[in-house]
Amino acid sequence: MTPAGRDLLALDRAHVWHPYGPMPGRNDPYLVQSAAGVRLRLADGRELVDGMSSWWAAVHGYRHPVLDAALTDQAGRMSHVMFGGLTHEPAIRLAATLVELTPPGLEHVFLCDSGSIGVEVAIKMALQAQRALGRPGRQKLATWRGGYHGDTFHPMSVCDPEGGMHALWTGVLPAQVFADPPPAAFEQAYADSLTDLIARHEGELAAVIVEPVVQGAGGMRFHDPEYLRVLREVTAEHGIFLIFDEIATGFGRTGRFFAADHAGVSPDIMCLGKALTGGYLTLAATLCTPEVAAAISAGEGGGLMHGPTFMGNPLACAVASASLGLLSDGRWAHRVRDIESSLRSGLEPLRGAQGVADVRVLGAIGVVQLDHPVDMARATAAAVAAGVWLRPFRDLIYTMPPYVTDDADMARITAGIAAAVAAS
Ligand SMILES: *Cc1c(COP(=O)(O)O)cnc(C)c1O
């Protein structure tokens, strides 16, 4: 580490919060100088293969020439203008493309600044629409345990009550309706209990919100897409909106373009974020059906009562359209399949290793669950020593690499996971 690097880390420790961390931080973060392709270059000269895609986002890797060009081109026209009373081509083109790509029925797009805000907007849409439909008593949400929907207050209320630390927020978070976590395989008894729970709470439920097929930051668990059809049926029957939070699962990560495509189900409202801009800039989109939009627009207020300052940011929209352009040739699907088989062959041997409770792989997502909490500092250091960037949490060591990761780098990532497992 250079003296300049040491000075920066001292300032970081003194002044900069990091996610879910104390002040000052418990362990020094690694100082990154630049990133290109699938590699992060640290200030001390080491290079790490990125196993995290910067939290699901950087699906094309870093410094992609097409995304860099989209960003600089747009910066040459305008970086931002307000979205009240004004509009622009980057937002219009992006919204039209999203309507085309998402499941049938989703036709209207609200562009906002981050995933959590996208979920707030989805919840606001559902509550406002229920009010407008003359059902103001429907203010609650139902979900299954084990989910993650963001860190602002309403999204927190539908995160897993334990993992989301609801105990910390007793009396502050709205109380929602929780089903047990969905089993991995389809079980009729679970489907029946889900249906019963939702039917029983009909009068107070505005919407059901779930992450389809993959529960991400709530525990990295997968479930049978058939449950989405069950949810679609029961919510439609009871006038409850169905919200799919595809902020983590969207844009090919699970092997289908959207996780909803595994089930062929269209929600009433859908949240997108993370990989939307290929990991370049923060941007989220909340889509809804004409029915939801019409109810809101005819109701009290006369519109959707939300409008962030940086709504529809042109830089973010331009780079998002460029990212969708890169995905449009369909090559991502082959890459995700190759990554899936690398993950299977690289991680399966860890099944049965000491301390390993489960190994699971879906699309470009590989998870090793331990039978004890991960020693974060040791596991991370072991992966870094193996030339890989991983960020374990709770009892989970996992990867969702950029789609452009080749076989040799995939082998490095699975070896890094094995090293992290052995160290924790
Ligand atoms: C990350 C995530 C969010 C929150 O997105 P932010 O951009 O971090 O606010 C919401 N839902 C899911 C499923 C996520 O993975």
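**The annotated binding site**

Analyst: The unreviewed UniProt entry puts the annotation "binding site" on Gly115, Ser116, Asp245, Pro308 and Thr309. UniProt positions are given in the numbering used here, feature names are shortened, and annotations may be inferred rather than shown by experiment. These residues spread over 195 residues of sequence, and they are also spread in space, up to 23.0 Å between C-alpha atoms.

Before we zoom in, a quick note on the model: it's predicted, so local features need pLDDT of at least 70 and side-chain atom pairs count only at pLDDT 80 or more, while totals for chains, interfaces and linings use all residues. Residues are numbered from 1 along each chain as its sequence is written, and side-chain values use heavy atoms, with hydrogens and water left out.

Let's start with Gly115, which sits in helix α5 (residues 115-132). Helices (H or I, at least four residues) and strands (E, at least two) are DSSP runs, numbered from the N terminus. With 18% relative accessibility, Gly115 counts as buried; buried means under 20% relative accessible area, exposed over 50%, and partly exposed in between (1.4 Å probe, protein chains only). Leave aside its neighbours within four places in sequence, and Gly115 is in contact (heavy atoms within 4.5 Å) with Ile247 and Ala284.

Now hop over to Thr309, in the loop between α9 (290-298) and α10 (314-327). Thr309 has 61% relative accessibility, so it counts as exposed. Put together, the annotation takes in Gly115, which is buried, and Thr309, which is exposed.
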